[in-house]
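Please read them alongside the sequence and the coordinates.

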Amino acid sequence: MFEKSIDTQKGTLYYRIKEDKVTITTYHGNDTQVIVPERIEDVPVRKIGKKAFLNSRQLRQVILPDTLKKLGEWAFAYCGLLEKVELPKRRVAIGKGCFLD
């Protein structure tokens with residue numbers, strides 16, 4: 001299982017596909033807004049991994065897909081400018097310290 005990537009406007013989302021589920025593992029870049037797609041390679045995005053967006057200092061808004069089921073621990077920690085997160089309409093498990101600081 002290896003990591004793949006897709007480009008955003010000013011950065012890159014890294015992901016893994018396992019058991020017909022996509023996990024966003026890491027984000028690197030300077031986007032102020034990131035829209036996480038519902039599907040990558042026609043596989044649903046189910047999880048934002050542990051520390052995936054940690055220290056994304058330019059990030060102000062994140063739009064998460066309705067396919068998402070889990071936000072990992074510290075996924076958006078230390079994103080000091082983060083003002084708005086659009087969560088899925090269904091219940092999502094949120095890990096410890098997900099939005100810390």
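1. Strand β3 pairs with strand β6 (residues 43-48) in the parallel sense, over three bridges. Within this pairing, V22 is placed opposite V45 of β6. Note that the model is a predicted one.

2. Strand β6 also pairs with β5 (residues 39-40), here antiparallel and over two bridges. I40 faces V43 of β6. The two strands make a hairpin with two residues between them, and E41 in the turn has a positive phi of about 55°.

3. A further partner of β6 is strand β8 (residues 70-71), which runs parallel to β6 and is joined to it by two bridges. K47 stands across from K70 of β8.

4. Strands β4, β7 and β9 make up an open sheet of three strands, in the order β4-β7-β9, with parallel pairing. β4 (33-35) and β9 (84-86) are the edge strands; each has a single partner strand, so one side of each lacks a neighbour in the sheet. On average, neighbouring strands of this sheet are turned by 5° against each other, direction ignored. The pairing of β4 with β7 (residues 61-63) consists of three bridges, and I35 is opposite I63 in β7.

5. Which charged residue is buried yet has no salt bridge? This is D31, in the loop between β3 (21-29) and β4.

6. The side chain of D31 does have polar partners. Apart from neighbours within four places in sequence, D31 is in contact with T8, Q9, K10, G11, Q58 and L59.

7. Two residues other than glycine with positive phi deserve a look. D20 has phi near 60° and is located in the loop between β2 (11-18) and β3; its relative accessibility is 62%, so D20 counts as exposed. E41, with phi near 55°, is in the loop between β5 and β6 and is partly exposed at 46% relative accessibility.

8. The count of salt bridges is six. Among them is the pair E41 and K4, whose closest N and O atoms are 3.1 Å apart. E41 is in the loop between β5 and β6 while K4 is in strand β1 (residues 4-7), so this pair ties together parts 37 residues apart in sequence. K4 is partly exposed, with a relative accessible area of 30%.

9. Another salt bridge links the side chains of K50 and E73, at 3.9 Å from N to O. K50 sits in the loop between β6 and β7 and E73 in the loop between β8 and β9, so parts that are 23 residues apart in sequence are tied together. K50 is partly exposed at 49% relative accessibility, and E73 is partly exposed at 31%.

10. K89 and D66 also form a salt bridge, with closest N and O atoms 3.7 Å apart. K89 belongs to the loop between β9 and β10 (93-94) and D66 to the loop between β7 and β8, so this pair ties together parts that are 23 residues apart in sequence. K89 is exposed, with a relative accessible area of 78%, whereas D66 is partly exposed, with 31%.

Terms used: Residues are numbered from 1 along each chain as its sequence is written. This is a predicted model: local features need pLDDT of at least 70, side-chain atom pairs count only at pLDDT 80 or more; totals for chains, interfaces and linings use all residues. Side-chain values use heavy atoms; hydrogens and water are left out. Two strands pair if DSSP finds at least two bridges between them. Helices (H or I, at least four residues) and strands (E, at least two) are DSSP runs, numbered from the N terminus. Axes are lines fitted to C-alpha atoms, for helices over the stretch in contact, and angles run from 0 to 180 degrees between N-to-C directions. Buried means under 20% relative accessible area, exposed over 50%, partly exposed in between (1.4 Å probe, protein chains only). Lys and Arg count as positive and Asp and Glu as negative; His and the chain ends are not counted. A salt bridge is a side-chain nitrogen of Lys or Arg within 4 Å of a carboxyl oxygen of Asp or Glu. Contact means heavy atoms within 4.5 Å.
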